[in-house]
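Work through the exercises below with the sequence and the model side by side, and try each task before you read its solution.

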Amino acid sequence: MAAYAALLSLKHIIEQIQLHPRPPISLHQNQVDSLTDNLNFLQDFLEVYSCGGGSSSEAADVLESRIADATHAAEDIIENRIVDQILGGERISSDELYQGLEKLIQDMGFIKKDVMEIKEKNIGIIEDHSLHTNSPTLGGLSSSHLTTKQETVVGFDELLIEVMDKLTGQPSNLRIIPIVGMGGIGKTTLARNTYAKPLIMHHFDIRAWVTISQNYNVQEILIEILLCIRKDESREILSSKNEGELGETVHKSLWGRRYLIVLDDIWSVEVWDKVNLFFPDNGQGSRIVITTRLSNVASIGSRGLEMNFLDDDKSWDLLCKNIFEKEEDCPHELEEIGKKIAKNCKGLPLSIVVIGGLLANSKHTTEHWEYISENLNSIVHLEDNERCLKVLLLSYNHLPVHLKPCFLYMGVFPEDRKIHVSWLIKLWVSEGFLKPISGKSLEVVSREYLEDLCDRNLIRVHQRGSNGKIKFCNIHDLLREVCLREAEREKFLYVPRKHSLNIAQGINTQRRIIIHQSESEIGYLLDVLQVNNTLISVPLARSLMCKFMLLPSHPGSNYRLLRVLKVVDKHSYSGYHASDSIEVVLQLVNSRFLAIGADWQNFRFPSSVYLLWNLQTLIVKDMFYAVAPSVIWKMTQLRHIEFGLLDLPDPPLGGDDDFVLGNLQTLLKIRNFKCGEEVVKRIPNVKKLQICYLEEFEGCSSYSLNNLVRLHKLESFSCFFYSQKKPHRNDLLRNLILPNSIKKLALRGTNLYWDDMKTKIGLLPNLQVLKLQYNSFVGPEWETVEGQFCNLRFLQIYTCSDLEWWTTTDSSHFPRLEHLVLCNMDKLNEMPPCIGEIPTLQSIELKNCSDSTIISTRRILEEQEELGNVGLRVRVILFNQEHLESLASPNFQIEESR
């Protein structure tokens, strides 16, 4: 909720001013004490009390609005004064700051008094303890949050069989198979489960999945298809081609192959008319599956499959699976009311799953379930879509208050967007609405909140990374609609609806503005002009996200209070000289999060970056090479620095500027990094570090790499050597010493011997992910030993082309390995037979490896299947697959690399 987010945000600002080594302004201590006392009281109130009846009462809405308005007003006064103090100007003087805060402290006192009366009289608000007794506490999450439920097809078993029959049966000509039904009925889940079946994976030579959505772009659709079917292509290269070139490439790639393409969430016949000519009917038994809510769209194919609502029994089965895993685990006293709840979801799977997430994370008592049932009773007679939205809103209303801002914030992402979790977390932290937990970084808190929202089925896990953490997530478009409606009602964020970038009434009072522009080439310039007209004056905006915009030469009056700026299209700055455009950005002195795209080269950042007193995240995309100023070592709030390539100067010696960047966690990608004592001392908590050496490498001692071992919090480390003069092996052995904290390691061009693995890497106790690239290790033979790689989950060996013999005599050499990837290993004679005996192994991927390695891996798979291990999957990618096609099976997939 907006009020709770505002309280935490103001507390964060006050704390930053109080603790900052060089605060831009000072606040009177008596005012700090009074503000903090009021903020803590109101925060505690919102954490304990909630609106009754499952929907916001008018009295509660008015109260929350008063809290938010007073808190925002205090923010405005303080942050305007900070801008004046740093850039000059007298919009708010010191006296006006003091007087303004006095008035707001008085206003908060009145609100506090009213709240105390409400608590005593219990008017319109009920205590909320019963709703969240089983919720994860702010101090930590239960073990259930370490895993996320897989999507299951409950009640649609017959449809699943029918879809698979249509995909694998006659006729041999191209067939379009529509799956039609309302939003939330389970169309995508059915298609996804079918798409991932081993039988389907084996039956088709090529598979591709692309989500269309309402605001489609033909060029992007074709790019997504090519990224699925041509594994060696990159998005950057494909994006440089026009629609015709992409379509021709798709057609050629599919010709003569049996292919399956899923076009998920089509909203118009028009999009099909624009892409269908690129899908050849070559008599190979190819299939195209489309999912749609619209019957007229479904008519473009053969007789489709219409998904209907679940009956009462299947609804109850699905609800139980989301609460208890099994129906028999439901306590007898909850069964009757539980079936009533399931029935009131009216057979819509999305509603059932979301309500199941609510019940799974709340108290399992008859009283509480009766309360949920009563709230459902009031909305069962609405139209289908509106009823579903009301059910989903009920689940939002009963979220713990600390999760509500995080959930509403999901509305900033475009519909059907795959959301990169690392970006999401950085944004949540920068917005300031996370409640700190003692002993945990805000990034750790963010991940716990995300896992909690996924457990409640409000956010979906799209992909987990090699370390098991969520890497990408997404949100169902109906749940996104809930986010947008509630965020608009609470004035939490402003997102113009599609095809409407005109100035909205009251936009000048909005605090978070997100604009999703058209991605079509024709609409590009028009969108730029519309965006800039829309944003001509948003003086209260704290967050601004759009794909492109032309920054004004003097943004101080337009965006003077901005904290979050995300404009990652490099074309945003095409009309500016680099130094001019960056100076414009650096006037945003309250910035916490800056993510910009720029194609500048060899650019030297000005020292005025130091004015950004509270900058936490600095991300610059598409820039080839930049030089940081020495003042960067004084920017103590920095948490994440990410560049394509960055020169980091030595810290200044002597004087009173011996600052420690204790918050810094991410440092990417540093050119010719010198890890001297002064550097190590100033980045003690860095967790992710990427370094590379482009010119002649002068030896480890010149770069003090022996000090890496002193970075005790380092978890992810990448070290790449691109120079012609390779590092000396003995030099690396002596000086490249890694801390035991390392969990993820990537090396390139280190030219170590395979035998060195035993001393340099194998004994790292926490290593989970190891990526060996381009001659990081050289020599013809690698022999592993027991007692090493105790926690390794993911191993990738990429173009270490000298390796001929890999000897592993026992599965205990990799006791926890889950995923193995070998690329361009054309000399390797065979896969070690014991690899298949690793009990945790889930997948093997071989890309352009020797035939003997592929054949030996097929033999390993057969042996495991004979022993009853049917969980191992093998994926083989080759330039020419014809001579090995006979090896293919449901668990041994062969694809052609193009």
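Two exercises follow, each with a solution in steps.

The model is predicted, so local features need pLDDT of at least 70 and side-chain atom pairs count only at pLDDT 80 or more, while totals for chains, interfaces and linings use all residues. Residues are numbered from 1 along each chain as its sequence is written, and side-chain values use heavy atoms, with hydrogens and water left out.

**Exercise 1.** Find the strand that holds D647, and decide whether D647 is buried or exposed.

*Solution.* Begin with the strand: D647 belongs to β18, which covers residues 640–647 (a strand is a DSSP run of E with at least two residues, numbered from the N terminus). Next, take its relative accessibility, which is 18%, so D647 counts as buried (buried means under 20% relative accessible area and exposed over 50%, with partly exposed in between, for a 1.4 Å probe and protein chains only). Finally, look at the partners: leaving aside residues up to four places away in sequence, D647 touches Y625, A626, V627, A628 and R671 (heavy atoms within 4.5 Å).

**Exercise 2.** Identify the residues that touch the most other members of the largest nonpolar core.

*Solution.* This core has 137 residues, and those residues are I78, I355, F407 and W428 (such a core is a set of buried Ala, Val, Leu, Ile, Met, Phe, Trp, Tyr and Cys residues joined through side-chain atoms within 4.5 Å). Then follow F407, whose contacts beyond four places in sequence include Y396, L453 and I475. Apart from this core lies another, of 106 residues, among them I507 and V631.

Technical notes: Helix = DSSP H or I, 4+ residues; strand = E, 2+ residues; numbered from the N terminus.
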